[in-house]
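Colleague: Could you walk me through the pockets here, and how the terms are defined?

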Amino acid sequence: MQQANPSVPSRIGLVVHPRRGIEGALSATRAWAEAHGVVLGQVPISGQARRVADPIDVASCDLVLALGGDGTALAALHMAAPASRPVLGVACGSIGVLTSVPADRLSAALDALRAGEWTPRPLPALEIVAGEAQPRFAINDFAAIRNGTGQVITAIRVDDELYARAAGDGLVVATSLGSSAYTMAAGGPILAPGVQGIVVTPLAQHGGVTPPLVVSADSRLSLSVEPGYGGSRFEIDGQEVPTAGYEVTVTLRPEYASLVTLRHQEPVLSGLRRRGLVADSPRILVHDARI
């Protein structure tokens, strides 16, 4: 589907956090839309009861506005992806990786977007096929995790070549964007902006040596998951999904969704430092304090 030009949006679809306070951002959006003759609607999300506007089809929108945090932006990106609509993430709280602007600067951000002071950032996604089920997509990560007592045994193959078999809490597979989330917390590497690939990180492995692995963007990852006594579960972008099989194939779709990046937006690595997710070693901090 051909993408509309969001520099002069005529219809904006809202995706909102189900509980967080968004009143300030919502008021600013409504005022800006009224001043510029823009139609506002709410993109329906299954299971969400919060209503702030009349329903609107995402394919009829020029832009999708996510009011909440990174989780809300993820939901908006998944909703907008089939229609190739860009998403502007608005932080109603702390700024995350996917939110481009804080709520108190939203009106200025919409002005900048209308003036063309933005670029679309294509986001890859993991295409996940389990058993005979239809493909699912993860913008951040996919995880196979133990669901109780006992360990999960996973066999990791890259283009049909066995890398390792691991017993432990499971594993997490991440995109370059998701490499600063779950997989980083488990000891995996961060892929810098512009690096395309898949990161595989075993979780709490019981013995053996299975370092985190970075897989080429063109490779096919095959996972065999053997549940322990307590079973296992699959999660996509932090949400549990039905388990359709224990043989999983993961590949990378290079341009799954599109995120609005404003001209003067904070760089990704700077944002990780500002939020304390990446920090200098204590020795360096002590040295700096002496100067």
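Modeller: Gladly! Let me start with the second largest pocket, where β5 (101-102), α3 (106-114), β17 (247-262) and α5 (268-274) each supply at least two residues of the lining. This is a predicted model, in which local features need pLDDT of at least 70 and side-chain atom pairs pLDDT 80 or more, while totals for chains, interfaces and linings use all residues. Residues are numbered from 1 along each chain as its sequence is written, and side-chain values use heavy atoms, without hydrogens and water.

Colleague: What makes α5 a helix, and how many residues does α5 give to that lining?

Modeller: Helices are DSSP runs of H or I with at least four residues, strands are runs of E with at least two, and both are numbered from the N terminus.

Colleague: Why are S100, L262, H264, Q265 and E266 called lining residues of the second largest pocket?

Modeller: On a 1 Å grid over the protein atoms alone, a pocket is an open set of points where a 1.4 Å probe fits, with protein on both sides within 12 Å along at least five of seven lines; lining residues have an atom within 4 Å of a point. These five are among the 25 residues that line this pocket, and lie nearest its centre, so each has an atom within that cut-off.

Colleague: What is the volume of the second largest pocket?

Modeller: About 460 Å³, a volume being the space filled by probe spheres set on the points, which are joined across faces, edges and corners. The largest pocket holds about 690 Å³, with G71, L74, A75, H78 and Q239 the closest to its centre among 28 lining residues. Its largest share, 6 residues, comes from α2.
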